[in-house]
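This report describes how the secondary structure elements of one chain are arranged. The sequence and the model are shown first.

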Amino acid sequence: MKDSKHTPLPWVINKCHLVGNATKEVANLYGGNDQIVSSEEMSSNAQLIVTSVNNFEEMKDIVEHYYDHLKQQDKAIGLNLYSDNMKSKIHTLLQKINKK
């Protein structure tokens, strides 16, 4: 994301804080609103967020490539072998991802 406004990657976990580019706290995972969150749950949440953020661009590229491949395959054989529903879901996802 060259024109991104978010904290530069990679993000890392420092206790219950998510740190971007090894310098800036981007979030903390302490329970809020009087909710009690176990340290195991906080750790799991932190890992999920950091893994997702740090791999977002690669996942997006894979989805875009797969979507293009489905369209090309259908066009090449002149049939609609791939589910219109699945192609529609992928197209909708890509629109959400690329929305600025």
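The sections below treat the sheet, the helix lying across it, and the helix pair.

The model is predicted. Its open sheet is built from 3 strands in the order 1-2-3, with antiparallel pairing. Strand 1 (11–14) and strand 3 (24–28) stand at the edges, each with a single partner strand, so one side of each has no neighbour in the sheet. With direction ignored, neighbouring strands are turned by 35° against each other on average.

Strand 1 pairs with strand 2 (residues 17–20) in the antiparallel sense over 4 bridges. Opposite Val-12 stands Val-19 of strand 2.

## Helix 1 on the sheet

Helix 1 covers residues 39–77. This helix lies across strand 1 and strand 2, and runs at about 165° to strand 1.

## The helix pair

Two packed helices are described by the angle between their axes and the distance between the axes. Helix 1 packs with helix 2 (residues 84–98) at an angle of about 140°, and the axes are 10 Å apart. The crossing of helix 1 past helix 2 is left-handed.

On the side of helix 1, the contact involves Phe-56, Lys-60, Val-63, Glu-64, Tyr-66, Tyr-67, Leu-70 and Asp-74. These residues meet Lys-87, Ile-90, His-91, Leu-93, Leu-94, Ile-97 and Asn-98 in helix 2. By class, the residues of this contact divide into 9 nonpolar, 2 polar and 4 charged.

How values were computed. Residues are numbered from 1 along each chain as its sequence is written. This is a predicted model: local features need pLDDT of at least 70, side-chain atom pairs count only at pLDDT 80 or more; totals for chains, interfaces and linings use all residues. Side-chain values use heavy atoms; hydrogens and water are left out. Axes are lines fitted to C-alpha atoms, for helices over the stretch in contact, and angles run from 0 to 180 degrees between N-to-C directions. Helices (H or I, at least four residues) and strands (E, at least two) are DSSP runs, numbered from the N terminus. A crossing is left-handed if the near helix is turned anticlockwise from the far one by less than a right angle, and right-handed if clockwise. Contact means heavy atoms within 4.5 Å. Ala, Val, Leu, Ile, Met, Phe, Trp, Tyr, Cys and Pro count as nonpolar, Asp, Glu, Lys and Arg as charged, and the others, Gly among them, as polar. Two strands pair if DSSP finds at least two bridges between them.
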